[in-house]
Amino acid sequence: MAAQPPPPSRTGSVGPASAGGMGTPTAGTPGSQGSGSNQNLNQIVLEYLSKKGYSRTEAMLKRESGSVAFDANGTPLAFADRHKGRRWHEAYNVVKTWVDSILDIYKPELCRILWPLFVHCFIETIADCYPTDGRVFFQECRKAFDDEHSDDLRALSAIQEPEHVQQNDIAQLYRTNKYRLTLSKMGFATLIEFLETKESEGGKSMSFLINIHLDIHTVDRAAIGGARGLQRLMDEKRGDEQAPAEDEGIPGHHPGSANLDVGATGALHRLQLAPMPMEPDLMDDVKAELNHEDSTHPPRAGRSSLADQFEQRIKVEPSDDTAPSRETIPFPPSTARDVAMEVQKVKENRDRFRIEGKTGGVGPGVSVTMFTFHNTFDSVNCIEFSDDNTLAAIGTAESYIRVWSLDNRALTSRQDPPGFQPSSSRRLVGHSGPVYALSFSPSAAVPQPQTNGHTDHTTTPDSQPRYMLSCSADTTIRLWSLDTWTNLVVYRSHNSPVWDVRFCPHGHYFASASADRTARLWSTPQIAPLRIFAGHDSDVETLAWHPNGAYIFTGAGVGDKTVRMWSIAQGTQARIFTGHAGNITAIACAPSGHTVASADDKGVIILWDLRSGRLVKRMRGHGAGGVWSLDWSVESTVLVSGGADNSVRVWDVQPSKETQAKANGENGGPVKLDGTAANGTTVSKVAKAKGRDQATPDMISDFKTKKSPVYKVRFTQMNLVLAGGAYLP
């Protein structure tokens, strides 16, 4: 049992004797000394409650007494120094006012420190038993963070009482982990100098929060250049300063690293980014077919032969990239269909419209063919095109799928009953919930053989897609036959709605993404998943395959906002990319296999270098609703996007020479990259004048529809862009 504290002394000081010889107390009143004694008693009781872990009783006593407060080091504060419940609010305002008025060369980076300080000031105010002042502070200062941190703000708004701090997951996440930031050495030194000069006005409290809760890495701006160079900071001072860096946040994250341990070294796994080697028998058959084509249809003057084109395509250049093994990722033996498809790909690769990059600052003349679906009554959830450009399909909120022939041919089946009236569309029914994504099996537009000396440009049935995958809110994935127009298999494993499904570029395998926070790998002959990829903290909303089929990319939404790269062979994470402020809505990997693009619902597109695991550039231009689809040109030099703002946009993805050198680790190793455009800037002068919704200079073209949000964009092998949308009057 704790020792009883001694009773307060009631003996006052005695002054000189009065004329009557009676001593009179003069140094204080019993009331004032009793107040000081009560403060000491309360302090002892509070220390005892804290030691025993009675946090709820401690909070109640603090609130009722209102006479005990402590500084950042746990020392009792004098009443005049407490500022009551506004001391954290006033300290935060001191820093915010200074950041708002600082030189433009420091403002973009120092603005990033306001969010973690805001969170901890709010938490400390509530924990100090000033809930009313805490809520006032929260409402007055939250507006600056609504766009980027809306999810965390929503979670923190539930904190009303001191005991809520212990129960709130987001509050505990910030209190138990350090928030990582990267500042220039001069910027950090300027911040510390300011806090020291304002020590009595809240600077000491802010310094305490920075030391305890922030992990600040300093860099030399003169040496780093690129993303943090002086000219870059001047160019972006009214542009992307609110965009999070890819190495910012919680926990201690190293760009690209799949190891989220705070003490991790940041070393990255070596990736196998080279194309999947072709099966030897398939290669021999393709070479024979190409030689036959060259002999029967010699190329015209100035055009390379198909055999030479194929040799250039499969030639192995000296490179650090290694190729995945066909033994670790087995595929079924090739067939005559595979030979015909490979031959057609070589033809299209030779005859395609070439997009080598921007020309004269204008860019290539990319053409877009837009397919608009009318009278949908806002029921379309997804649109998909087949690789041979002959079929288009939609998934609807009414749980059915409809497939159209783009060349207006009748979609028939040998199983059609007598009297069946063929048409250019088919309806597939089977799901019991809205259909969210579709994926056609790989195909190629192989033309019909010559008849009477003329080539029939319609594709052969053997080369057209044979299967289609669909996923739904009913938690299932279905495999459909496009020969019989029937459902073949129902894959059940997810226990929540399945948001996305994608065939592997080589067929046979497919991947799914679900609201159960997992992605799964499947093979079409088996009804159980081969791999379960778990690691996201929220719904896995979208996915994409690496061109060689050895990796998949997944993107998550609320509460996560990361893009993760998973190894098919090992079933583990290979890369994690952080830097989006919105929910990930689209991902696409470049055909070169070295860059991946991701987009979010705020209209921002980010390019990531897979080798270094770092952000290459950030592009912006889409309006409200975000980006819904991405795809790359054959040369990996141009990116096309479609979104809710009724537009298709074409982007130049090639970084400046300086940025590319940094991404590849040249001149002293990889460094932090953050959205440098092709001309070394992020936001044009026009953008700074009109606001953050203005497109960055990376945008080459902007094709607008009248009232049709763009659900899907796709580059064909000939570099023509197909786009699909639903008219919404």
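This is a predicted model: local features need pLDDT of at least 70, side-chain atom pairs count only at pLDDT 80 or more; totals for chains, interfaces and linings use all residues.
Visitor: How do you know what confidence the predictor has in the protein chain?
Guide: The pLDDT is the predictor's confidence in each residue, from 0 to 100, and the protein chain averages 81, with 77% of the residues scoring at least 70. Over residues 1-35, however, the pLDDT is below 50, and this stretch has 13 contacts in the model beyond near neighbours in sequence, a contact meaning heavy atoms within 4.5 Å.

Visitor: What makes up the secondary structure of the protein chain?
Guide: It comes to 19 helices and 31 strands, where helices (H or I, at least four residues) and strands (E, at least two) are DSSP runs, numbered from the N terminus.

Visitor: Why is Asp378 called exposed?
Guide: A residue is exposed over 50% relative accessible area, buried under 20%, and partly exposed in between (1.4 Å probe, protein chains only). Asp378 has 55% relative accessibility, and therefore counts as exposed. Asp378 lies in the loop between β3 (368-373) and β4 (380-385), and has a positive phi of about 60 degrees although it is not a glycine.

Visitor: Why does Arg517 count as partly exposed?
Guide: Arg517 has 46% relative accessibility, so it counts as partly exposed. Arg517 lies in the loop between β15 (509-514) and β16 (518-523), and its phi is near 70 degrees, a positive value in a residue other than glycine.

Visitor: Why is Gly625 called partly exposed, and which residues does it touch?
Guide: Its relative accessible area is 38%, so Gly625 is partly exposed. Gly625 is found in the loop between β25 (614-620) and β26 (627-632), and it touches Asp601 and Ala644, not counting residues up to four places away in sequence. The C-alpha atoms of Gly625 and Asp645, 20 residues apart along the chain, are separated by 6.6 Å.

Visitor: What makes a set of residues a nonpolar core?
Guide: The set must consist of buried Ala, Val, Leu, Ile, Met, Phe, Trp, Tyr and Cys residues joined through side-chain atoms within 4.5 Å. The largest such core has 42 residues, and those with the most contacts inside it are Tyr92, Trp115, Phe118, Leu156 and Met206. Helix α6 (residues 114-127) gives the most to this core, with nine residues, and a second, separate core of 35 residues includes Ile329, Leu521, Ala550 and Leu615.

Visitor: How do you know that β26 and β27 are paired?
Guide: Two strands pair if DSSP finds at least two bridges between them, and β26 and strand β27 (residues 638-643) pair in the antiparallel sense over five bridges. In β27, the bridge partner of Leu630 is Ser641.

Visitor: Why are β26 and β29 said to stand at the edges?
Guide: The open sheet of four strands has the order β26-β27-β28-β29, with antiparallel pairing. Within it, β26 and β29 (699-704) each have a single partner strand, so one side of each is left without a neighbour in the sheet.

Conventions: Residues are numbered from 1 along each chain as its sequence is written. Side-chain values use heavy atoms; hydrogens and water are left out.
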